[in-house]
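Please open the structure in a viewer and follow the stops below in order.

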Amino acid sequence: MSRQSSGIRFLIDATEGESRRLSVGIEIKGPFTSSNLTMHFPRWVPGSYFLREPIQHMTDFIATDQAGNALAANRKDVDAMRIKLSSDTTSVMLTYQLLAVNLSVRANHLDTTHLHMMPPFTWFMPTEGIDSSRMNMEHIVELHSPKGWTPATQYTSSGSRSGKGELTSNQGTTHCFTSPNRDEFLDAIIECNPNPMDSWVVDGRTHHLKLWDSGGHEVDAGMLERFKEDMDKVVKEHHALFGIPAWDNYVTVIHLTENMRGGLEHLNSQTSMLPRQCLIPGHEDEYRDLVSLYSHEYLHQWNVKRLRPRNFLDYDLQREGHSDLLWWFEGGTSWLGDMLCVRSGAWSEEDWRKDFMRKMKRHTARHGMETESLAESSHDAWIHLYRGHAFSRETQISYYLEGELALMQLDSELRRRSKGEVGVCDLAAELCRKHALEYEGVERLGVTYKDIRRTLTSMKGGRQLGSMLDALMHDRKAPDMEATMDFFGLNLVAENPLKEGEEKHGWLGVNLSAKGGKVTVTSHLAGSPIRHCVMPSDEIVAVNGVRTSSMNALKTSLKGKAGSEVKLMVSHEGMLHEHTVEIVSAPQHGVKLEGKGNARWRAYIATRQTQ
Ligand SMILES: [Zn+2]
């Protein structure tokens, strides 16, 4: 059965990569319902809670009618265009140029080697002038690319043709697609480049992998094979928990870069960006990160895409949409994504422990959890998370990291009370069965805090856990990781415990940057002995009169100084000041797991795959 057409074609032309500008077109056929056609440019993309105002990259806007005659068009508000129609307008064509230079999973990027395109960063959406129900009909998408480039996208292909492009008249290939409705149209990506696409089947579902390297580095074939095998393991472990998805085709786009990192989930696809070392042999930490990021974004197909906060069911991309539950959707995805890595065997237990220590070091270095709860942090994502500054972590938390640790605490308690029968992973799967899109027979689409709480307290062992969940979400307090790991027979110890008689190094408790012979403070850590007198951007010029022009020089000058007074010469706003401070030794936070773990631990990290 063919779907009803929206009468709208969305066009892009990527054949002028050297200009870094994408040519864009939107053709809208009548009937029109008003004498004005108003078009709004989305202001944000789902998954990234920040108004990015992509309309800022647009130039050369032209509107014409079916005969090619210009139509009057004016800017409206910060995010819209209004086009004047006449009574005999039967079709409108809008064209414009879009600068695409932002190398990020959250933006368009075009050069002579590839295109990464996100629909909300590319096309206006009609908001006045046509029947709004048309947006939920089938749209046509056409991409004109240089010859030899092939697209990876969750859109459905409807063929391709060679020849001139409609927007630029350049020779190339026009790739044609359809998308069934507004949600699937907006929540997609197209990555188009000359690299081959790998496609294969896991559990009866087709996976597509498309790579691009920002500098043209060739990927190591052995590492690529290793990654594909680990993708299979991770995918199967997800399916063992959530069941094989009812939807087919999943597209993974990997961008390999000099030093950029990030990931963004879409309904049936992900773009994950990592430093290219992750696929160069011998870089185990970076490879571990790649597997983790892949698993995290893959898990978002369920957690946040199908299982959504109820007020995210119909995204309004023109204004901020708040949720107090981002700690569940991001922290939960980080925690469970990594659990599924170790359960699947794509990560070894050692991988999990190393990554857990990395997280615990971040957790113990800052103290924002005494001033911001998970609910507050989630709600304020729009004004906090993407607007970090030197003092952020003193009063704010990351709902990713702290949400993850809070859910681990809840998980160990649920396992204790259910005698190991169920955990928070089962809660996530149950919430999908009750509230997720594309599931049969759900109770009600979309999830609220009450739904999570009610589902938890109706699980085996969960009856008394409602107040614990309330406290974890609303209290300004760090989760109890000692008790959490104790349940699994594991101890948290210092990374490098001081040995008997060992010289104690002085610790300033600051993050530093060293450039051009200057050591500069960038932020404070929890418990810093110089928090009151040395500020971010201050340069540490000398310790006890000895110049500290490198990290090494500073480190040497603090050798054996713990417990004693030192004179710090600091340049603040270009003026020299001397401070006498009592230096301490670095706090010995419990960040590293010690011990083999008990039977509960082994069950926790064991695969749930049955074959
Ligand atoms: Zn995420």
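Against which helices do the buried residues of helix 10 pack? They pack against helix 4 (326-344), helix 8 (399-417), helix 9 (424-435) and helix 11 (466-474), where contact means heavy atoms within 4.5 Å. Before the tour continues, note that this is a predicted model, in which local features need pLDDT of at least 70 and side-chain atom pairs count only at pLDDT 80 or more, while totals for chains, interfaces and linings use all residues. Residues are numbered from 1 along each chain as its sequence is written, and side-chain values use heavy atoms, with hydrogens and water left out.

**Stop 1: helix 10**

Select residues 449-457, which make up helix 10. Helices (H or I, at least four residues) and strands (E, at least two) are DSSP runs, numbered from the N terminus. The buried residues here are Y449, D451, I452, T455 and L456; buried means under 20% relative accessible area, exposed over 50%, and partly exposed in between (1.4 Å probe, protein chains only). Viewed down the axis of helix 10, these buried residues fall within an arc of 165°, so they line one face of the helix. The arc is that of the directions from the helix axis to the C-beta atoms. An α-helix has 3.6 residues a turn, so residues three or four places apart point the same way.

**Stop 2**

Next, display the open sheet of 7 strands, whose order is 4-7-2-1-11-14-13 and whose pairing is mixed. Two strands pair if DSSP finds at least two bridges between them. Strand 4 and strand 13 (156-164) stand at the edges, each with a single partner strand, so one side of each is left without a neighbour in the sheet. Neighbouring strands of this sheet are turned by 15° against each other on average, direction ignored. Strand 4 and strand 7 (residues 91-99) pair in the antiparallel sense over 6 bridges. Within strand 7, M93 is the residue opposite T64.

**Stop 3**

Select R20, in the loop between strand 1 (5-13) and strand 2. Its phi is near 65°, a positive value in a residue other than glycine. R20 is partly exposed, with a relative accessible area of 27%. Then move to P31, in the loop between strand 2 (21-29) and strand 3 (36-40). The peptide bond from G30 to P31 is cis, with omega near 10°.

**Stop 4**

Which order do the strands of the antiparallel open sheet follow? The 4 strands are arranged as 5-6-3-10. Strand 5 and strand 10 (125-128) are the edge strands, each pairing on one side only. The twist averages 30° from one strand to the next. Strand 5 and strand 6 run antiparallel and are joined by 4 bridges; R75 has M81 in strand 6 as its bridge partner. In the loop between strand 5 (73-76) and strand 6 (80-84), select D77. The phi of D77 is near 50°, again positive in a residue other than glycine, and D77 is exposed, with a relative accessible area of 58%.

**Stop 5: aromatic rings**

The whole structure holds 31 aromatic pairs. Rings of Phe, Tyr and Trp (its six-membered ring) pair if their centres lie within 6.5 Å; planes under 30 degrees apart count as stacked, over 60 as edge-to-face and the rest as tilted. Select F61 and F124: their ring centres are 5.8 Å apart and their planes stand at 75°, so the pair is edge-to-face. F61 lies in strand 4 (residues 58-65) and F124 in the loop between strand 9 (115-117) and strand 10, so the pair ties together parts that are 63 residues apart in sequence. F61 is buried at 17% relative accessible area, and F124 is buried at 0%.

Elsewhere, F227, F242, W247, Y250, Y294, Y298 and W302 form one aromatic cluster.

**Stop 6: charges over rings**

Select K228 with W200: the charged end of K228 sits over the ring, 4.9 Å from its centre. R52 lies over the face of Y386, at 5.5 Å from the ring centre. A charge sits over a ring if NZ of Lys or CZ of Arg is within 6 Å of the ring centre and within 35 degrees of the ring normal.

**Stop 7: D538**

Finally, select D538, in the loop between strand 23 (518-524) and strand 24 (539-543). Is D538 buried or exposed? At 3% relative accessibility, D538 counts as buried. Leaving aside residues up to four places away in sequence, D538 touches V519, T520, V521, C533, V570, S571 and H572. The C-alpha atoms of D538 and H572 are separated by 5.0 Å, although these residues are 34 residues apart along the chain.

Technical notes: Axes are lines fitted to C-alpha atoms, for helices over the stretch in contact, and angles run from 0 to 180 degrees between N-to-C directions.
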